[in-house]
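I opened the model today to look up a few things. My notes follow the order in which I checked them.

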Amino acid sequence: MQDWKTLASGLYDGTFRHMFIDGAWCEAISGQVIEARNPADGRLLATVPRGTDADIDAAVAAARKAFEGPWSKFTPFERQALLLRIADGFEAEWETLCLSDTLDMGMPIQRTLANSRRVLGMLRFYAGQAVAIHGQTIPNSFPGEIYSSTVREPVGVVGAIIPWNAPIAGSIWKIAPAIATGCTVVLKPSEEALLTVLLIARIMQEAGLPDGVLNIVTGLGAEAGAALAAHPGVDKIVFTGSTATGQAIARAATGNLKRVSLELGGKSPVIVCKDADIEKAVPVAAMAVFANSGQICIAGSRLFVAREIHDEFVRRVAEYAAGLKIGHGIETDTDIGPIISARQAERIASYLKIAAHEGAEVLTGGSRAVGPALEGGHFIQPTVFGGVRDEMTIAREEIFGPVISALPFDSIDEVVKRANATPYGLAAGVFSTHLGTAHKLAHRLRAGSVWVNMYHAIDPAVPFGGVKMSGYGREGGTEHLDEYLDTKAIWINAD
C-alpha cells in the first residue's frame with residue numbers, strides 16, 4: 001500500500017510553478033501569482049502565474065502558429081500515435097496525477113485512482129477516432145459530370161475552460177478530441193485547482209506534443225477566462241462550469257461568432273419506484289450526491305421516492321450518510337473529502353440555514369464538519385433533508401455540495417412532471433425492477449443522460465451533455481468529434 005502522506009510531502013513544497021505557452025514554461029507577463037492551497041488543511045502547495053489578457057494573447061498566437069504550421073501536416077496516423085504515447089505517459093504517472101488532484105482539490109485518493117479506466121479509455125478512444133474522420137461522396141442533381149463531396153476539417157484554435165472538480169478528466173475531455181481532429185488548444189483551468197493541468201502539459205510534451213498545440217494559462221476567470229472567451233483569434237470555446245458563467249461565455253463568443261459547447265449545472269432527479277431493489281438502490285442513490293462531496297454537476301440531489309417506501313428508504317439513506325467517513329483525501333478510508341474553498345463551504349452552509357428556515361427536516365448532517373483532524377480545512381457533513389417541498393430553495397437551486405432533498409411521490413405521471421419542472425436537464429436516475437416502468441421514465445425525463453438502477457456511468461464511447469439550461473453540445477462518443485470539426489463541400493465540374 002502506498003504511503004500517500006510521504007508522497008504528498010514530496011510533490012508540492014510551496015514553490016513557484018510555471019505555466020505553459022508555445023512549448024515553454026513561463027511566468028505571467030504581469031509577474032503576479034496565485035496561491036494554490038490544499039482545501040483539506042489550508043497548506044500552501046505552490047504558487048502559479050496569474051495570467052491575464054496579455055498572456056491569453058500570447059497563448060492564442062502560439063496556438064494559431066501551430067495550427068497553421070507543422071501541426072497541420074500531421075497525418076491521422078501521427079495524431080493517433082501521439083495520443084497513444086500520451087496515454088502510456090498517463091498510465092506510467094497515474095498515481096502522481098491522482099495525488100495531485102487529491103491535494104489540489106480534495107477528491108479522496110481512492111476515487112481519483114478509480115478514474116484510470118475512464119481517463120486512459122478516453123485517450124485511447126480518441127486515438128482510435130483520429131483515423132476514422134472522413135467525408136462523403138454525395139450524388140447531386142446537376143446536369144453533366146458534376147461531382148460533389150465533403151471533407152471534415154479541424155475548426156481551428158479551441159479555447160477550453162474547465163472547473164475545479166475533476167481536473168484530470170476535465171482536461172482530457174477537452175484536449176484529446178482537439179488533438180484527434182487536428183485542432184490546437186488554449187486551456188484555462190479554474191483558479192481553485194491549477195496544478196494537475198501543469199503536470200498534464202509536461203506529460204504531453206514528453207510524449208512529443210509539438211509546441212503550441214497545447215497552451216496552459218493559469219489565471220482568474222474574470223481576467224484570463226473572460227479574455228479567452230471573447231478573443232477574436234479563438235475559433236471555438238468549450239466550457240464546463242456554472243450556468244451563469246456559461247451564459248456570460250455565450251455572450252462573449254458573439255464577437256466573432258465562435259462556436260460554443262457548454263456543459264453546465266444541474267439539479268438532477270433520482271426517482272426510486274415502489275418496486276425498486278432497496279438494498280442496491282440506497283448506496284447508489286446516496287453516492288449519486290455524496291461522491292466528491294457533492295461537487296459534481298450530475299449530482300442526483302432531488303431524491304423522489306414512492307410514498308409506499310419513502311420513510312424506510314430515506315431513513316436508510318440517512319443512516320448510510322451518517323456512516324461515511326469525513327477526512328483528508330490522502331487517507332485511503334476517506335469517503336467525504338473537503339469542499340474546494342472557504343467561499344464554497346460558506347455558500348453550502350447558507351443553503352443549510354435556508355432549508356431549516358423554510359421548514360425542511362434534518363435527518364442527518366446539516367452543518368459543517370469540525371474536529372482536530374479537520375482543522376484548517378473546509379468540510380460539510382453529508383446531509384439528508386426530509387419534509388422537503390418542490391418550491392423550497394434546496395429543491396430548486398444547484399447547491400454543489402453533499403446535500404440531498406428527499407421528496408415523496410404518488411404516481412409516475414406526477415413524478416415525471418415534478419422531475420422535469422426545473423430549468424436544468426443534465427442527468428437523471430431511475431430505480432425500478434420493472435422494465436416497462438424504467439423505459440417509460442427514461443424516455444419521459446428531460447435530461448441528457450438517464451441511468452437506470454445505477455448512476456455516474458460515463459464512458460468514452462457514449463455521448464454526455466445537457467438540455468435546457470444545462471447547456472448544449474456533447475462530450476464523448478463520435479458526436480464529440482463533430483464539435484471540433486467543420487464540414488466543407490467540394491464541387492468538381494468534370495466536363
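I started with His456, which is partly exposed at a relative accessible area of 23%. The scale I use calls under 20% buried, over 50% exposed and anything in between partly exposed, with a 1.4 Å probe and protein chains only. I found His456 in the loop between S18 and S19. I read its phi as near 70°, a positive value in a residue other than glycine.

I note that this is a predicted model, where local features need pLDDT of at least 70, side-chain atom pairs count only at pLDDT 80 or more, and totals for chains, interfaces and linings use all residues. Residues are numbered from 1 along each chain as its sequence is written, and side-chain values use heavy atoms, with hydrogens and water left out.

I looked at Asn453 next. Asn453 also sits in the loop between S18 and strand S19 (471–472). Its phi is near 55°, a positive value in a residue other than glycine. Asn453 is partly exposed, with a relative accessible area of 42%.

Then I traced the sheet. Strands here are DSSP E runs of at least two residues and helices are H or I runs of at least four, numbered from the N terminus. Two strands pair if DSSP finds at least two bridges between them. I wrote down an open sheet of seven strands, ordered S14-S15-S16-S13-S12-S17-S18, with mixed pairing. Strands S14 (361–364) and S18 (449–452) are at the edges with a single partner strand each, so one side of each has no neighbour in the sheet. The twist averages 25° from one strand to the next.

S12 (residues 269–272) and S17 (residues 427–431) run parallel and are joined by three bridges. Val272 has Phe431 in S17 as its bridge partner.

Which strands does helix H12 lie across? I listed S12, S13 (302–306), S14, S15 (383–386) and S16 (403–409) for H12 (residues 310–322), which runs at about 140° to S13. Axes are lines fitted to C-alpha atoms, for helices over the stretch in contact (heavy atoms within 4.5 Å). Angles run from 0 to 180 degrees between N-to-C directions.

Last came the domains, whose bounds come from an automatic or database domain assignment. I have domain 1 as 4–264 + 470–490 and domain 2 as 269–459. The contact takes 28 residues from domain 1 and 31 residues from domain 2. Their C-alpha centres lie 30 Å apart.
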